[in-house]
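I opened this model to see how the chain is put together. My notes follow in the order I looked things up.

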Amino acid sequence: MSTLPACPKCHSEYTYEDGTQLVCPECAHEWSADASGETPAAEGDKVIKDSVGNVLQDGDTVTVIKDLKVKGSSLVVKVGTKVKGIRLCDGDHDIDCKIDGIGAMKLKSEFVRKV
């Protein structure tokens, strides 16, 4: 009798170990042996971190850590500019915000620091 947990997807009892992973031969689902088939809560959610590693959330206030040229214009977002009420979004530029004097912008999280 196997002491391995059943498959979390199809509940098959015929799971086996493959290195550090558990594998179901019936549905081909693989999962970590230490997680016991439980999917982490943040698996579907993308965690966005600032330049120092702080986790960002909607509504946070951040500070720009580098002069950023605004594409298609002669404007520059200066170092130390505070941006309030950010919104996180998917894509290359993962912060959607409004900067005073410039307007709506998208920023990369690697160029901001949480206040």
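I began with burial. Of the 115 residues in the chain, 26% count as buried. This is a predicted model, so I kept in mind that everything here is computed. The chain exposes about 8000 Å². Carbon and sulfur atoms supply 48% of that area.

Next I read off the secondary structure. I found zero helices and 11 strands. Along the sequence the pattern runs β-β-β-β-β-β-β-β-β-β-β. Taking contacts with a separation of 6 or more, 36% join residues 24 or more positions apart.

Three strands form an open sheet in the order 7-4-11, and the pairing is antiparallel. Strand 7 (82–83) and strand 11 (112–114) are the edge strands, each pairing on one side only. I then checked the contact between strand 4 and strand 7. These two pair in the antiparallel sense over two bridges. Val-62 stands opposite Val-83 in strand 7.

**Core**

Which residues have the most contacts inside the largest nonpolar core? I noted Val-83, Cys-97 and Leu-107, in a core of 15 residues. Strand 4 (62–64), strand 9 (95–99) and strand 10 (103–107) each give two or more residues to this core. Strand 9 gives the largest share, three residues.

I followed Val-83 further. Leaving out residues up to four places away in sequence, Val-83 touches Asp-60, Thr-61, Val-62, Val-64, Cys-97, Lys-98, Ile-99 and Leu-107.

**Cysteines**

The whole structure has zero. Cys-27 is in no disulfide, and the nearest cysteine sulfur, that of Cys-7, is 3.6 Å away. Cys-27 is partly exposed, at 34% relative accessibility.

Cys-97 is buried, with a relative accessible area of 0%.

**Salt bridges**

I moved on to charged pairs. Side chains of opposite charge can pair when their charged atoms come close. A search of the whole structure finds three salt bridges.

I took Asp-60 with Lys-114 to begin with. Their closest N and O atoms are 3.5 Å apart. This pair links distant parts of the chain, 54 residues apart. Asp-60 is in the loop between strand 3 and strand 4, and Lys-114 is in strand 11. Is Asp-60 buried or exposed? Asp-60 is buried, with a relative accessible area of 13%. Lys-114 is partly exposed, at 29%.

I then noted Arg-87 with Asp-96. The closest N and O atoms are 4.0 Å apart. Arg-87 is partly exposed, with a relative accessible area of 43%. Asp-96 is partly exposed as well, at 23%.

The closest N and O atoms are 3.5 Å apart. Lys-108 lies in the loop between strand 10 and strand 11, and Asp-92 in the loop between strand 8 (87–88) and strand 9, so the pair ties together parts that are 16 residues apart in sequence. Lys-108 is partly exposed at 24% relative accessibility, whereas Asp-92 is exposed at 55%.

**Backbone angles**

I ended with positive phi values outside glycine. His-11 has a phi of about 60°. His-11 lies in the segment before strand 1 (16–18). At 62% relative accessibility, His-11 is exposed.

Ala-28 also has a positive phi, near 65°. Where does Ala-28 lie? I found Ala-28 in the loop between strand 2 (21–23) and strand 3 (30–32). Ala-28 is exposed, at 59% relative accessibility.

Note on methods. Residues are numbered from 1 along each chain as its sequence is written. This is a predicted model: local features need pLDDT of at least 70, side-chain atom pairs count only at pLDDT 80 or more; totals for chains, interfaces and linings use all residues. Side-chain values use heavy atoms; hydrogens and water are left out. A nonpolar core is a set of buried Ala, Val, Leu, Ile, Met, Phe, Trp, Tyr and Cys residues joined through side-chain atoms within 4.5 Å. Buried means under 20% relative accessible area, exposed over 50%, partly exposed in between (1.4 Å probe, protein chains only). Helices (H or I, at least four residues) and strands (E, at least two) are DSSP runs, numbered from the N terminus. Contact means heavy atoms within 4.5 Å. A disulfide is a pair of cysteine sulfur atoms within 2.5 Å. Two strands pair if DSSP finds at least two bridges between them. Accessible areas come from the Shrake-Rupley method with a 1.4 Å probe; for residues, only the protein chains shown count as cover. A salt bridge is a side-chain nitrogen of Lys or Arg within 4 Å of a carboxyl oxygen of Asp or Glu.
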